[in-house]
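Hi everyone, thanks for coming. I'd like to walk you through one structure today, so please have a look at the screen.

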Amino acid sequence: MTERMNEDGDIELLEVWRIFGKRKRIFFLMVGGALFLAIVVTLFLPKIYSATASLLPPEESSPASNLIAGKLPAGLAGFAGGALGMKSPSDRWVGILNSRTVFDALVLKFNLQAVYKKETPEETREQLRRAVKISKSREDILFITVEDADPARAAEIANAFVAALDKINQDIVTSAGGRMRIFIEGR
């Protein structure tokens, strides 16, 4: 195949069209085959549905964080909290939601070992971890996204994460109140 080049060393557009004209059948067969293959694969893939629950954690203020934040300029208060190890409630909530306790409770509640056809609870938990994405936005809004072949089950699992978090928070508040009551009674 000879190529015609202009004085700049570029291939002329007319020559490109001529080569394309000679090979257009191969080109269209390749594009058509790829399109056909993509359509066939798409038709046989299982449908996956996604459900998202979003949470806005409450503002939390402790005397230590107020003392530090009050002494710093507004822009540095958030940086200092992160540098000193003080985490926001949403960071703690992400940790709670990613805990084995929450995942195991949901595996049992929805009988996911049978649904996912896994032999052990560990395999089932890992399958659920792959189906769940827990993320936090810059505004500290939590997003719990669950993907499943059944849209109703995806929504129920996403809502169950919220319910599990609520139950754990209630348990924490109740146990903190109990410790405070015992402390006050001891005084």
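When I say helix or strand, I mean DSSP runs, H or I with at least four residues for helices and E with at least two for strands, numbered from the N terminus.

Before going on, a word on where this comes from. This is a predicted model, where local features need pLDDT of at least 70 and side-chain atom pairs count only at pLDDT 80 or more, while totals for chains, interfaces and linings use all residues. Residues are numbered from 1 along each chain as its sequence is written, and side-chain values use heavy atoms, with hydrogens and water left out.

Okay, the overall picture. We have eight helices and three strands, and along the sequence they run α-β-α-α-α-α-α-α-β-β-α. The protein has 187 residues, and 22% of them count as buried. Buried here is under 20% relative accessible area, exposed is over 50%, and partly exposed is in between, using a 1.4 Å probe and protein chains only. Now take the contacts between residues at least 6 apart in sequence: 59% of those join residues at least 24 apart. A contact, by the way, means heavy atoms within 4.5 Å.

Back to H5. Which residues of H5 are buried? They are Val102, Phe103, Leu106 and Val107. Seen down the helix axis, these buried residues fall within an arc of 135°, so they line one face of H5. That arc is taken from the directions from the helix axis to the C-beta atoms. Turn to the face that points away from the buried side, and you find the exposed residues Thr101, Leu108 and Lys109. And what covers the buried residues of H5? The cover includes helix H4 (89-97), H6, H7, E2 and H8.

H7 was in that list, so let's go there. In H7, residues 121-131, the buried ones are Thr124, Arg125, Leu128 and Ala131. They cover an arc of only 120° around the axis, and that puts them on the same side of H7. They pack against H5 (100-109), H6 (112-115), strand E2 (132-136), strand E3 (142-148) and helix H8 (151-186).

How do H5 and H7 meet? Their axes are 10 Å apart and they pack at an angle of about 100°. That makes the two helices roughly perpendicular. For the angle, axes are lines fitted to C-alpha atoms, for helices over the stretch in contact, and angles run from 0 to 180 degrees between N-to-C directions. On that scale, under 35 degrees is roughly parallel, over 145 roughly antiparallel, 65 to 115 roughly perpendicular, and the rest oblique. The H5 side of the contact is Arg100, Phe103, Asp104, Leu106 and Val107, and the H7 side is Glu122, Thr124, Arg125, Leu128 and Arg129.

Two of those names come up again: the charged end of Arg129 sits over the ring of Phe103, 4.2 Å from its centre. To count as sitting over a ring, NZ of Lys or CZ of Arg has to be within 6 Å of the ring centre and within 35 degrees of the ring normal.

Next, a loop. Lys117 lies between H6 and H7, and its phi is positive, about 60°, although it is not a glycine. Is Lys117 buried or exposed? It's exposed, with a relative accessible area of 72%.

Asp140, in the loop between E2 and E3, is another non-glycine with a positive phi, this one about 70°. Asp140 is partly exposed at 26% relative accessible area. Leaving aside neighbours within four places in sequence, Asp140 touches Leu55, Pro57, Ser88 and Ser90. Ser90 belongs to helix H4, and with a relative accessible area of 0% Ser90 is buried. Leaving out its own neighbours within four places, Ser90 is in contact with Pro57, Lys136, Asp140 and Leu142.

Last stop, the rings. How many aromatic pairs does the structure hold? Five. Phe20 and Phe28 have ring centres 6.3 Å apart and planes at 70°, so that pair is edge-to-face. Phe27 and Phe28 are edge-to-face too, at 5.6 Å centre to centre with 65° between the planes. Rings of Phe, Tyr and Trp (its six-membered ring) pair if their centres lie within 6.5 Å, and planes under 30 degrees apart are stacked, over 60 edge-to-face, the rest tilted. Together, Trp17, Phe20, Phe27 and Phe28 form one aromatic cluster.
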